[in-house]
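Welcome! Take a moment to look over the sequence and the model, then try the exercises.

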Amino acid sequence: MLQQTQVARVVDYYHAFVTRFPTLRHVAEAPPSAVTEAWAGLGYYARARNLHALAREVAAAGGALPAEPAALRALPGIGPYTAGAVASFAFERRAALVDTNVARVLRRAFAPALDPKTGAGQRALWAIAESILPRSGRAAWTHNQALMELGALVCTARARHCTRCPVRAHCATFAAEVPLPARHRSS
Ligand code: SF4
């Protein structure tokens, strides 16, 4: 539901949906029209169709959602970000994830010259995300949450709050703008 849609708009739909379909098995057993109907008003109906196709595929394979990003990506409607998010947040796998917020933080911190709109730029951002993952899945869970929060609250699209940023000592954008003595004074 959160693909292309903000949390505030999704919350009520999410609760109504999981009340009607508490498990993936309930989604799989419902006719496609019932799932689309429960989605009414949220838009981007391909997501509802993909969810129904995914539920049926998972049910046919035994009913358990896979935990690894590669297996998740093979399911309908699951892209690299969703695969990484589900693997990390639901299964505590050591998986990277790059959404818009994370991409902005990684670019500013490690590669300010990189163009995130290009395929090469996206591949480079995913490579950076992989390279800084902690060793354990549990630590990766916290790390990924922290990166997303950093992008949502501190290193935002509108403003960079560098003076209260916990990673400024390692940030290339901050280093390029603030002279060395001042950097030490502010940390
Ligand atoms: S120091 Fe500034 S530019 Fe760097 S990650 Fe933090 S908020 Fe973003």
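Predicted model: local features only at pLDDT ≥ 70, side-chain atom pairs only at ≥ 80, totals over all residues.

Residues are numbered from 1 along each chain as its sequence is written, and side-chain values use heavy atoms, with hydrogens and water left out.

**Exercise 1. Describe the protein as a whole.**

Step 1: Start with the elements. The protein has eleven helices and zero strands; helices (H or I, at least four residues) and strands (E, at least two) are DSSP runs, numbered from the N terminus.

Step 2: Look at the extent. The C-alpha atoms fill a box of roughly 65 × 35 × 30 Å along the principal axes.

Step 3: Turn to burial. Of the 187 residues, 36% are buried. Buried means under 20% relative accessible area, exposed over 50%, and partly exposed in between (1.4 Å probe, protein chains only).

**Exercise 2. Find the surroundings of Ser88.**

Step 1: Ser88 belongs to helix H6 (residues 80-90).

Step 2: Is Ser88 buried or exposed? Its relative accessibility is 0%, so Ser88 counts as buried.

Step 3: List its partners. Beyond neighbours within four places in sequence, Ser88 is in contact (heavy atoms within 4.5 Å) with Arg93, Ala95, Leu97, Ala140, Trp141 and Asn144.

Step 4: Compare sequence and space. Ser88 and Gly137 are 49 residues apart along the chain, and their C-alpha atoms are separated by 7.0 Å.

Step 5: Widen the view to H6. Its buried residues include Thr82, Ala83 and Gly84, and their cover includes helix H5 (69-73) and helix H9 (137-154).

**Exercise 3. Work out how helices H7 and H8 are oriented.**

Step 1: Recall the description. Two packed helices are described by the angle between their axes and the distance between the axes.

Step 2: Take the values. The axes of H7 (residues 100-110) and H8 (residues 119-131) come within 10 Å and cross at roughly 85 degrees. Axes are lines fitted to C-alpha atoms, for helices over the stretch in contact, and angles run from 0 to 180 degrees between N-to-C directions.

Step 3: Classify the angle. H7 and H8 are therefore roughly perpendicular to each other, a class that covers 65 to 115 degrees.

Step 4: Name the contact residues. H7 contributes Ala103, Leu106, Arg107 and Phe110, while H8 contributes Leu125, Ile128 and Ala129.

**Exercise 4. Classify Val11 by its accessibility.**

Step 1: Locate the residue. Val11 sits in helix H1 (residues 7-20).

Step 2: Apply the cut-offs. Because its relative accessibility is 34%, Val11 counts as partly exposed.

Terms used
Parallel < 35°, antiparallel > 145°, perpendicular 65-115°, else oblique.
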